[in-house]
Amino acid sequence: MTPFFVPYLDVSVEEAVVMNWLKHPGDAIAKGDSLVELATEKALFEFESPAEGILLAQVVPPKSTVLVGQCLGYIGQTGEAVPAVHPVSPLFRQTEAEPVFEAPAEPLPEISRVRATPRARRLARELGIDLETLRHEGVIDEDAVRSAASAT
């Protein structure tokens, strides 16, 4: 037996309305057949069957509001029993949030507070000049680095 669920439609869509069932319990279903019309604030679309078999049950009646991941119904073989408690899609089960960012194992290097142009920084590296030791007002440019290099 295959349960089918309200699909993820868009980041901003959390719910939909079951407008109309296009297949009824007992109908033969082919994979890809349209089963139900779902409406969101922006669009009306037909949900396609994820499996082949018989529509065993419609869990949600027409005009009902459903959440993304909620069970809509079941497809299976004649005689299969439909569970009394309906699952939530495994894709939408809430789990404990895991940290997205882990602190680096090694401490980060200190950030220089010296204001210098990229060309001045590159030139200082090439000439072996420490920008932290330069006495300069404002942003250090290439001329200031060349002056420091000629002074040493």
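1. The model is predicted: local features need pLDDT of at least 70, side-chain atom pairs count only at pLDDT 80 or more, and totals for chains, interfaces and linings use all residues. Residues are numbered from 1 along each chain as its sequence is written, and side-chain values use heavy atoms, without hydrogens and water.

2. The structure holds two aromatic pairs (rings of Phe, Tyr and Trp, its six-membered ring, with centres within 6.5 Å; planes under 30 degrees apart are stacked, over 60 edge-to-face, the rest tilted). Phe-4 and Trp-21 pair edge-to-face, at 6.2 Å centre to centre and 70° between the planes. Phe-4 sits in strand β1 (residues 2-5) and Trp-21 in strand β2 (residues 15-21), 17 residues apart. Strands are DSSP runs (E, at least two residues), numbered from the N terminus.

3. Phe-4 has a relative accessible area of 1% and is buried (under 20%, with a 1.4 Å probe and protein chains only). Trp-21 is buried too, at 4%.

4. Phe-4 also stacks with Phe-47: 5.7 Å centre to centre, 20° between the planes. Phe-47 belongs to strand β5 (residues 44-48), 43 residues from Phe-4. Both Phe-4 and Phe-47 are buried.

5. Glu-37 lies in strand β4 (residues 34-39). Glu-37 is buried but has no salt bridge (a side-chain nitrogen of Lys or Arg within 4 Å of a carboxyl oxygen of Asp or Glu).

Key. Helices (H or I, at least four residues) and strands (E, at least two) are DSSP runs, numbered from the N terminus. Buried means under 20% relative accessible area, exposed over 50%, partly exposed in between (1.4 Å probe, protein chains only). Lys and Arg count as positive and Asp and Glu as negative; His and the chain ends are not counted.
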